[in-house]
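Here's a quick tour of one model, written for someone who likes to know the cut-offs. Have the viewer open and follow along.

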Amino acid sequence: MRATQKSEMVMNQVAVTTENLQNILDCGRPTAVEIGKLAKARVEIGRRVLWNVSKVQKYLDSIATE
């Protein structure tokens, strides 16, 4: 049996860690955090910081040029 690819697994999640957001966006930490903040996708649970994937996706769709 083949192992599940991480990128497929991450895209099905509602919220992801900063490291997983970097993998989704294929960029470094500062850029991923900046995009997450601009998308207003930051979710704080205690001391933990997660990013709402659907908000990031909507933000990227809104700024994409055709």
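On the face of helix H4 turned away from its buried side sit Lys-58, Asp-61 and Ser-62, which are exposed; exposed here means over 50% relative accessible area, buried means under 20%, and partly exposed is in between (1.4 Å probe, protein chains only). Helices are DSSP runs of H or I with at least four residues, strands are runs of E with at least two, and both are numbered from the N terminus. This is a predicted model, with local features needing pLDDT of at least 70 and side-chain atom pairs counting only at pLDDT 80 or more, while totals for chains, interfaces and linings use all residues. Residues are numbered from 1 along each chain as its sequence is written, and side-chain values use heavy atoms, with hydrogens and water left out.

Now the other side of H4. The helix spans residues 53–63, and Val-53, Val-56 and Tyr-59 are buried in it. Looking down the axis of H4, the buried residues fall within an arc of 125°, so they line one face of the helix; the arc is taken from the directions from the helix axis to the C-beta atoms. The general rule behind this: an α-helix has 3.6 residues a turn, so residues three or four places apart point the same way.

What covers those buried residues? The cover includes strand E1 (15–16), helix H2 (18–25), helix H3 (29–38) and strand E3 (48–52). From H3 comes Ile-35, buried at a relative accessible area of 17%. Leaving out residues up to four places away in sequence, Ile-35 touches Leu-25, Val-56, Tyr-59 and Leu-60, where contact means heavy atoms within 4.5 Å. Ile-35 and Leu-60 are 25 residues apart along the chain, and their C-alpha atoms are separated by 8.5 Å.

On to the strands. Three of them make an open sheet in the order E1-E3-E2, with antiparallel pairing. E1 and E2 (42–45) are the edge strands, each pairing on one side only. Strands count as paired if DSSP finds at least two bridges between them; E1 and E3 have two, in the antiparallel sense. Val-16 has Trp-51 in E3 as its bridge partner.

Finally, the charges. The structure holds one salt bridge, meaning a side-chain nitrogen of Lys or Arg within 4 Å of a carboxyl oxygen of Asp or Glu. The partners are Arg-42 and Glu-44, at 2.9 Å, N to O.

| Residue | Relative accessibility | Class |
|---|---|---|
| Arg-42 | 41% | partly exposed |
| Glu-44 | 54% | exposed |
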